[in-house]
Amino acid sequence: MHKNAFIQAFVVAGLIASAPFAHAAGNLVYCSEGSPAGFDPGLYTTGTDFDAGAETVFNRLSQFERGGTSVIPGLAEKWDISDDGLTYTFHLREGVKFHTTDYFKPSREFNADDVLFTFNRMLDKDDPFRKAYPTEFPYFTDMGMDKNIAKIEKVDEHTVRFTLNTVDAAFIQNMAMSFASIHSAEYAAQLLKAGKASDINQKPIGTGPFVFSRYQKDAQIRYKGNKEYWNPDDVKIDNLIFAINTDPSVRMQKLRAGECHVSVFPRPADLETLKKDPKLQMPEQAGFNVGYLAYNTEHKPFDQLQVRQAMDMAVNKQAIINAVYQGAGQVAVNGMPPTQWSYDDTIKDTPYNPEKAKELLKAAGVKEGTEITLWAMPVQRPYNPNAKLMAEMLQADWAKIGIKARIVSYEWGEYNKRAKAGEHDALLIGWTGDNGDPDNWLSVLYGCDAIGGNNYSRLCNKEFDALLKKAKAINDREERTVLYKQAQHLLKDDVQNTPIAHSTVYQPMSTRVKDFKISPFGINSFYGVSIE
């Protein structure tokens, strides 16, 4: 109390020019599950990467309300949409400052040039910065935004206009997603001049609530509360520390010992013990996610529908739910969760039938003892608490039908990179929704534009894709729902994936942590959070 009064006295005296950091109360340690591949959100698609970069260092033009799916203003205070739905004019927030660090000191505030740099780098393969640091932007391209954004114009210092080729009903939601985080054009120019363009991914500069300090791979990431943040009420922590540990039992031990304040992905076996600890709180919610198995249709024998059907019906999903999720999940039927609007509950799952699976394999000419690779994630994800155990159970299921699966794994960043390149035969992966729109599942995971990105089956069904594009260009939800339901039937018939489970999300944390919100999108945000 005395400290607050002291700071406020200085503000009144006019001796502090920036917003007061009165709400700050010490350090918050977050026990995270893995090391980020980098800090440039446009390059990645996983929550591990977004937590470390997008949710700390950066902001976007629009943003999601904490703990919800509604879109609210971010770096844009408001936006106008033309009557034909093709032009979006963003009115930018004034007085927003980029971070000052030991490697960058901004000479100006955030403006339209930063928005143009951020999106032109994703749009234009000949952009000078992209040529200096050759990268791909999987989310941007998976959703077809590279093809649909016709042009971006700077109207004035604080106004930017996006023109689309076709109507995109989810455009504002997409702009609130992590990949659309806004970079400093001035910092990019400095890096380009110094010949260090790749530093944009290792030494990030944004406008977000936390300023990047340092990163030690597989150990920790440190951030400082942004004392000049445009919404000072959101910054209530002096220092934010990510303590990285891939072992869930170690994370929970640290949490119970008070060495960290928030953690993720407890093992199902630990849930009861954690719930009984009086020093902990354990919020939970139905997962907006799906854990699934993707078959690489470019690799034999998965190019044959009969083989995919056989592999699918040989999976004992209920046994996996019982052993891997231990009651904290439900069997998945479709490629998106039942909580997503337009979900088609008339679609029924293929019954578990190893005998029929053997007949299908024989009819497809697949010899008994055929070997394949089955990739299993090295980290826990919201949609899969134990990929290694799941892989071992799939291995046993498939052995019963004469398929020998060799389990393969890599470090998480490498796993994603190789999987996007299509090196796998069968792959355990999953998804947590990013924006509340069906397109975020059906196009991003299974569409033609997503091959080389998150379409790990690498199958392009033109009829399916046409339905998605048609639905995206309509603003009426009922009309879109009809098209998305048709698409779900085609997806089920193609068997490019075996959906396995939708898991319940638990977020164990200290009772000292106040106002932490579980995101339906599976990301962890610490702005607005305080610690007693």
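This is a predicted model: local features need pLDDT of at least 70, side-chain atom pairs count only at pLDDT 80 or more; totals for chains, interfaces and linings use all residues.
**Stop 1: the largest cavity.** Rolling a probe the size of a water molecule over the atoms shows where empty space is left. In this structure, nine cavities of 30 Å³ or more turn up. Start by selecting Glu55, Phe64, Ile523, Ser525 and Tyr527, which lie nearest the centre of the largest cavity. You are now looking at a space of about 310 Å³, lined by 28 residues. Colour that lining by class and you will find 14 nonpolar, eight polar and six charged residues.

**Stop 2: the second largest cavity.** Next, move to a volume of about 200 Å³. Select Thr45, Thr46, Gly47, Tyr383 and Trp431, the closest to its centre among 20 lining residues. Then show α2 (47-52), α15 (412-420) and β18 (426-432), each of which supplies at least two residues of this lining. Strand β18 gives the most, with four residues. By class, the lining of this second largest cavity holds 10 nonpolar, eight polar and two charged residues.

**Stop 3: helix α8.** Now select residues 185-194 and pick out the buried ones: Ala185, Tyr187, Ala188 and Leu191. Turn the view to look down the helix axis: the buried residues of α8 fall within an arc of 160 degrees, so they line one face of the helix.

Just after the helix, Gly195 adopts a positive phi of about 70 degrees.

Terms used
Residues are numbered from 1 along each chain as its sequence is written. Side-chain values use heavy atoms; hydrogens and water are left out. On a 1 Å grid over the protein atoms alone, a cavity is a set of points where a 1.4 Å probe fits but cannot get out, and a pocket is an open set with protein on both sides within 12 Å along at least five of seven lines; lining residues have an atom within 4 Å of a point. Grid points are joined across faces, edges and corners, and a volume is the space filled by probe spheres set on the points. Ala, Val, Leu, Ile, Met, Phe, Trp, Tyr, Cys and Pro count as nonpolar, Asp, Glu, Lys and Arg as charged, and the others, Gly among them, as polar. Buried means under 20% relative accessible area, exposed over 50%, partly exposed in between (1.4 Å probe, protein chains only). The arc is that of the directions from the helix axis to the C-beta atoms.
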